[in-house]
Amino acid sequence: MRSDANIAGPMTDPVPGPRTESMGDDVSRETPPPMDDTPIGRAAQLAVEALGRAGEGLPRPEQTRVIVVANQKGGVGKTTTTVNLAASLALHGGRVLVIDLDPQGNASTALGIDHHAEVPSIYDVLVESKPLAEVVQPVPDVEGLFCAPATIDLAGAEIELVSLVARESRLERAIQSYEQPLDYVLIDCPPSLGLLTVNALVAGQEVLIPIQCEYYALEGLGQLLRNVDLVRGHLNPALHVSTILLTMYDGRTRLASQVAEEVRTHFGDEVLRTSIPRSVRISEAPSYGQTVLTYDPGSSGALSYLEAAREIALKGVGVHYDEQQAHLGAQTEQSMVEGIQ
Ligand SMILES: Nc1ncnc2c1ncn2[C@@H]1O[C@H](COP(=O)(O)OP(=O)(O)O)[C@@H](O)[C@H]1O
Ligand SMILES: [Mg+2]
């Protein structure tokens, strides 16, 4: 597996999913009319161009970056962050694979990928040693975005893996043998620290922790950080927490800014300047099998994820992120606070 800028084109023409035609009406009215036969993807592309950086593009990593999205708490925005960041990175021109490692299959649903019990899935890869390429599907409407879906079978994998050879490194081996060029692999973890999450931590170099801006935000993180240290010490020396993303940020509450401050004090530079606002559009998108990037490309949620993706891409090549150049629609905490003053 490698990253190769010369093979940057889409592998497959996106196949519009059954829900896509009806979705045209939901695309923001500020978005210009569709210009090709994948109207949603095109609208999202136009939103990226509207950020004024189409020509500039984003630097692509020299090596594939495997990013593990983890937090053992449920409901903090792991899946939402995985799918929307992945779509953003793809719209910025990258080739991106989402690996759904949660038996709930929420990431697969949000990407419009069929994941009923008979679909070849990440379970087959982990437990039956099926090549990853045989389960990966292109995501409708977003060029360069792919998904390895999870089916309900995966619920049994925590136990089935226990007796298998190299039980902690099966996902890593599968990714290493995947021959298509990729810029990013994003792994959506279940809300636990079992063998599925350990497989993700062994497979990745980076951990991205979404933190919901609420009272108990930091509670329980110690256990995740200790697991990261253990995996780094024994199985994967390259592993590190590279990114913290504040999610569901509500600038109107003092609690949110206090939590954000506490997280910044604790984690420093790992915390992205861009936070993700609480947004109805973000929470509506999955029920249409869409990311917010295609569901409402002009919304604050979409722009925030695009900006967060930009920050991640720039950090990856050591370029300093200039907050002053953040798109006005993307919300840094400061702009959100200023907005309500
Ligand atoms: N920024 C946001 N604004 C509003 N709702 C959000 C936001 N991020 C996530 N949600 C909603 O919160 C719930 C939990 O998010 P999810 O990504 O599924 O968390 P996790 O994967 O950590 O369990 C979902 O219903 C999702 O739609
Ligand atoms: Mg989830």
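Residues are numbered from 1 along each chain as its sequence is written, while chains are lettered from A and ligands numbered from 1 in the order in which they are written. In this predicted model, local features need pLDDT of at least 70, side-chain atom pairs count only at pLDDT 80 or more, and totals for chains, interfaces and linings use all residues, with side-chain values taken from heavy atoms and hydrogens and water left out.

Ligand 1 is surrounded by 14 residues, and the closest are Gly 75, Thr 79, Thr 80, Pro 277 and Ser 279 (a residue is near a molecule if one of its heavy atoms lies within 4 Å of it). By type, this shell divides into five nonpolar, seven polar and two charged residues; here Ala, Val, Leu, Ile, Met, Phe, Trp, Tyr, Cys and Pro count as nonpolar, Asp, Glu, Lys and Arg as charged, and the others, Gly among them, as polar. Polar contacts (pairs of N or O atoms within 3.5 Å) can be listed for this ligand. A polar side-chain atom of Thr 80 lies 2.5 Å from an oxygen atom of ligand 1, and a backbone N or O atom of Gly 77 lies 3.0 Å from an oxygen atom of ligand 1. A polar backbone atom of Ser 279 is 2.8 Å from a nitrogen atom of the ligand. On its own, ligand 1 has 560 Å² of accessible area, of which the protein covers 78% (Shrake-Rupley method, 1.4 Å probe). Two or more shell residues come from each of α3 (78-91) and α11 (280-284), and α3 gives the most, with three residues. These elements are DSSP runs numbered from the N terminus, helices being H or I with at least four residues and strands E with at least two.

Across the whole structure, 10 salt bridges are found (a side-chain nitrogen of Lys or Arg within 4 Å of a carboxyl oxygen of Asp or Glu). Glu 284 forms one with Arg 281, with the closest N and O atoms 2.7 Å apart. These two are three residues apart in helix α11 and therefore separated by about one helical turn. Arg 281, Glu 284 and Asp 296 are linked in a network of salt bridges. Arg 65 pairs with Glu 206, the closest N and O atoms again being 2.7 Å apart. Arg 65 lies in strand β1 (residues 65-69) and Glu 206 in strand β6 (residues 206-212), so this pair ties together parts that are 141 residues apart in sequence. Both Arg 65 and Glu 206 are buried (under 20% relative accessible area; exposed is over 50%, partly exposed in between, with a 1.4 Å probe and protein chains only). In the bridge between Lys 130 and Glu 134, the closest N and O atoms are 3.7 Å apart. Lys 130 is partly exposed at 28% relative accessible area, and Glu 134 is partly exposed at 48%.

Some local features complete the picture. Asp 141 is not a glycine, yet has a positive phi of about 80 degrees; this residue sits in the loop between β3 (137-138) and β4 (145-148) and is buried at 7% relative accessibility. Met 248, also not a glycine, has a positive phi of about 50 degrees and lies in the loop between β7 (240-247) and α10.

Technical notes
A polar contact is a pair of N or O atoms within 3.5 Å; within protein, one must be able to donate a hydrogen and the other to accept it, and residues adjacent in sequence count only if both atoms are side-chain atoms.
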